[in-house]
Amino acid sequence: MTNDKINSKQVRRSHLVLALAAVIPAIAPSVESAGPPYLNGFKAVRVHYSPLNKMMMSVRINGQPANLLVDTGSNQIILDAAAADSWGIKPSQRNLRYIRSTRVNGQELPVAFAQNLSAGNMSFGSLLVALRDSKHRAAQDSDVDGILGLDFFERYKAAINCRAKLVFFRTDRAQKMDLRPVALEEKFTTIPLRRERNGALTVPCSIHGQPTRLLVDTGSFITIFHEPLLKAVGIPVEATRVSVHFPSGMSRKVSAGRIGDLKIGNFKTPSAKFGVATLPHFTLLQGDTVVSGILGMETLYKCHGIIDLDSMNLFLK
């Protein structure tokens with residue numbers, strides 16, 4: 001999911017940051033060690049956060065540097081078409097045997113072939129990528145060359161550590177990363193992840209004891225709940241100047257509501273203000289499952305979130 005549509009770069013962005021602070025604090029930068037840790041059978045790649053809580057991975061595509069958003073709310077690798085063209089990546093031709101287009105959020109996007117993608121000391125080889133026209137890129141996403149979607153991370157049974165800013169990719173199929181004993185020792189709560197029929201990743205949650213599910217979306221800068229749900233359980237909301245912009249081009253105003261008894265699985269989150277909006281139908285319906293909101297980056301970071309696609313668990317503490 002992409003975020004606030006901003007027409008002027010500096011003035012409007014400063015207003016947005018002030019408004020966002022009323023909903024939830026941004027992720028603060030921290031000092032990182034020189035190199036990623038070593039784990040037998042896995043390779044670790046560092047990520048970093050850019051403004052609006054975007055988790056970014058620095059990669060090389062066909063030997064050229066690029067910044068890609070780690071976005072579990074998307075299923076595919078999607079590159080900005082203009083940037084891809086500068087790297088020699090062009091839409092597939094009719095005489096080539098692989099697929100020429102793919103449907104993303106109701107749009108038909110051309111498919112291309114990237115000869116090599118690498119990050120840190122991890123080489124992913126050649127990959128099919130979807131190309132999105134640059135005109136769909138919002139002003140605040142000028143530092144984003146594309147998206148790494150959930151299918152990419154699932155292929156390597158990756159573990160995404162939101163707080164430590166590391167992604168572990170499995171390079172040896174014989175190796176397993178069982179985080180549950182360590183999680184128990186470090187007082188994490190284990191929450192089962194579920195892959196929906198449309199490929200989306202969801203987790204169980206409850207507000208005032210009312211059970212529902214959330215879409216796990218590292219591409220969302222904040223956690224957002226569907227406004228009718230909060231009204232139904234009697235949680236008041238207040239207006240903000242924040243709006244959220246969806247890939248389809250639709251936008252929604254975001255309010256704020258304080259939730260004191262939110263549980264994600266069996267994990268009780270600290271009382272805090274969360275985003276509230278009337279979410280579009282295509283966000284609420286994930287395959288056969290109706291969700292009531294989006295579990296976004298600020299909550300995953302604050303609660304030390306680890307998304308483990310091998311054991312299909314989310315760990316929070």
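Which residues is Arg-170 in contact with, leaving aside its neighbours within four places in sequence? With contact taken as heavy atoms within 4.5 Å, they are Gly-41, Phe-42, Tyr-156, Lys-157, Gln-175, Lys-176 and Asp-310. The model is predicted, so local features need pLDDT of at least 70 and side-chain atom pairs count only at pLDDT 80 or more, while totals for chains, interfaces and linings use all residues. Residues are numbered from 1 along each chain as its sequence is written, and side-chain values use heavy atoms, with hydrogens and water left out.

- Arg-170 sits in strand β11, residues 166-170, where helices (H or I, at least four residues) and strands (E, at least two) are DSSP runs numbered from the N terminus.
- With a relative accessible area of 14%, Arg-170 is buried; buried means under 20% relative accessible area, exposed over 50%, and partly exposed in between, using a 1.4 Å probe and protein chains only.
- The backbone oxygen of Gln-175 is reached by the side chain of Arg-170 at 3.4 Å.

**Salt bridges**

- The whole structure contains 11 salt bridges, each being a side-chain nitrogen of Lys or Arg within 4 Å of a carboxyl oxygen of Asp or Glu.
- One of them joins the side chains of Arg-195 and Asp-151, at 2.6 Å from N to O; because Arg-195 lies in strand β13 (residues 194-195) and Asp-151 in helix α3 (residues 150-155), this pair ties together parts that are 44 residues apart in sequence.
- Glu-196 forms a salt bridge with Arg-194, whose closest N and O atoms are 3.0 Å apart; Glu-196 is buried at 9% relative accessibility, whereas Arg-194 is partly exposed at 35%.
- Glu-196 also forms a salt bridge with Arg-213, with the closest N and O atoms 3.9 Å apart, and since Arg-213 belongs to strand β15 (residues 210-216) while Glu-196 is in the loop between β13 and β14 (201-207), the pair ties together parts that are 17 residues apart in sequence.
- Arg-213 is itself buried, with a relative accessible area of 15%.
- A network of salt bridges that share partners is formed by Arg-170, Lys-176 and Asp-310.

**Aromatic pairs**

- The count comes to 10 aromatic pairs, under a rule by which rings of Phe, Tyr and Trp (its six-membered ring) pair if their centres lie within 6.5 Å, with planes under 30 degrees apart counted as stacked, over 60 as edge-to-face and the rest as tilted.
- The rings of Phe-152 and Phe-153 have centres 5.1 Å apart and planes at 85°, so this pair is edge-to-face; Phe-152 is buried at 1% relative accessibility and Phe-153 is buried at 0%.
- Phe-153 also pairs with Phe-169, the centres being 6.0 Å apart and the planes at 20°, so these rings are stacked.
- Ring pairs link Phe-124, Phe-152, Phe-153, Tyr-156 and Phe-169 into a cluster.

**Cysteines**

- The structure holds zero disulfides, a disulfide being a pair of cysteine sulfur atoms within 2.5 Å.
- Cys-162 is buried, with a relative accessible area of 0%, and Cys-205 is buried at 6%.

Definitions and conventions: A polar contact is a pair of N or O atoms within 3.5 Å; within protein, one must be able to donate a hydrogen and the other to accept it, and residues adjacent in sequence count only if both atoms are side-chain atoms.
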